[in-house]
Amino acid sequence: MRAALSSSRPTLLRQLEFVAYPAGAGAAFVVLSLGVVTWLPALAAMAHGLQRWRAEGDSGCFANTFTSFPRYWRALWRHGLASTAAAAVLTANFAYLLGRSEPWTFVLLAAQVGIAAALVIHHVALAAEAGRAPGGGVRGWTRGALALGFGSAARGTALLGAVVSAVLLSLVVPLGPLLLGPSIPVLLALSFADPRRHTP
């Protein structure tokens with residue numbers, strides 16, 4: 001009985017890692033995102049922390065997110081500012097259109113939903129590409145993100161589904177949507193981008 005319990009401990013601890021480390025990286029992301037326009041560099045820094053855990057077994061996801069943030073801030077602050085402005089415009093459009101009753105508002109609402117979905121997929125993929133290649137630049141990350149997020153309909157749909165399901169499924173955990181909502185989709189994007197998936 002004791003031997004069975006001891007043999008199950010490594011498995012249990014390994015399973016807990018898949019919650020604790022993404023949650024820790026998500027907590028760092030939340031803190032860094034308090035600057036509002038800092039959310040995209042924070043997402044990329046979180047992806048880098050998660051990538052180091054995936055590739056190297058480095059468990060310091062929380063600290064690594066903070067450590068790598070300045071590098072991503074310098075590279076992505078303009079992109080983050082533009083993306084924040086786009087999100088604000090979309091939010092204003094939603095608020096305006098939801099208050100209208102004309103038949104044409106449905107078409108415009110559907111268009112806004114499509115644009116929002118595309119932006120979500122793009123930014124998750126961009127964070128993953130930046131996290132995988134911290135020495136790269138915005139152009140390279142953007143090209144990689146377009147290929148990762150939109151090169152396959154199934155992959156893009158999976159990333160969007162991961163964003164929605166991560167928020168909904170983590171509602172049972174205190175602060176779950178904040179901690180796991182951003183980290184789980186980024187982890188999936190990192191998995192999709194892993195070159196080992198494409199080697200026999």
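Which helix does Gly131 lie in? Select Gly131 in this predicted model and you will find the residue in helix H4.

**Stop 1: Gly131**

Keep Gly131 selected and show its surroundings. Gly131 counts as buried, because its relative accessibility is 1% and the cut-off for buried is under 20%. Leaving out residues up to four places away in sequence, Gly131 touches Ala44, Ala47, His48, Gln51 and Tyr72. Gly131 and Glu17 are 19 Å apart in space by that line, and 114 residues apart in sequence.

**Stop 2: His122**

Stay in helix H4 and move to His122, which has its place there. Is His122 buried or exposed? His122 is buried, with a relative accessible area of 11%. Select its contacts next: His79, Thr142, Ala145, Leu146 and Phe150, with neighbours within four places in sequence set aside.

**Stop 3: the nonpolar core**

Which residues have the most contacts inside the largest nonpolar core? Select Met46, Leu50, Tyr72, Leu148 and Val186 to see them. The core as a whole has 33 residues. Colour the helices that give two or more residues to this core: H1 (2–32), H2 (39–56), H3 (61–98), H4 (104–132), H5 (138–150) and H8 (183–193). Of these, H2 gives the most to the core, with nine residues.

Then centre on Val186. Not counting residues up to four places away in sequence, Val186 touches Leu43, Met46, Ala47, Leu50, Val124 and Ala128.

**Stop 4**

Pick out Phe66, which lies in helix H3. Phe66 is partly exposed, with a relative accessible area of 30%; that class applies because the value falls between the cut-offs of 20% and 50%.

**Stop 5: confidence along the chain**

Finally, colour the chain by pLDDT. The mean over the chain is 89, and 90% of its residues reach 70 or more. Where is the pLDDT below 50? Select residues 1–8 to see such a stretch. Beyond near neighbours in sequence, residues 1–8 have zero contacts in the model.

Conventions:
Residues numbered from 1 in each chain as written. Predicted model: local features only at pLDDT ≥ 70, side-chain atom pairs only at ≥ 80, totals over all residues. Heavy atoms only, no water. Core = buried A, V, L, I, M, F, W, Y, C linked by side-chain atoms within 4.5 Å. Buried < 20%, exposed > 50% of the residue type's maximum accessible area, 1.4 Å probe, protein only. Helix = DSSP H or I, 4+ residues; strand = E, 2+ residues; numbered from the N terminus. Contact = heavy atoms within 4.5 Å. pLDDT = per-residue confidence, 0-100.
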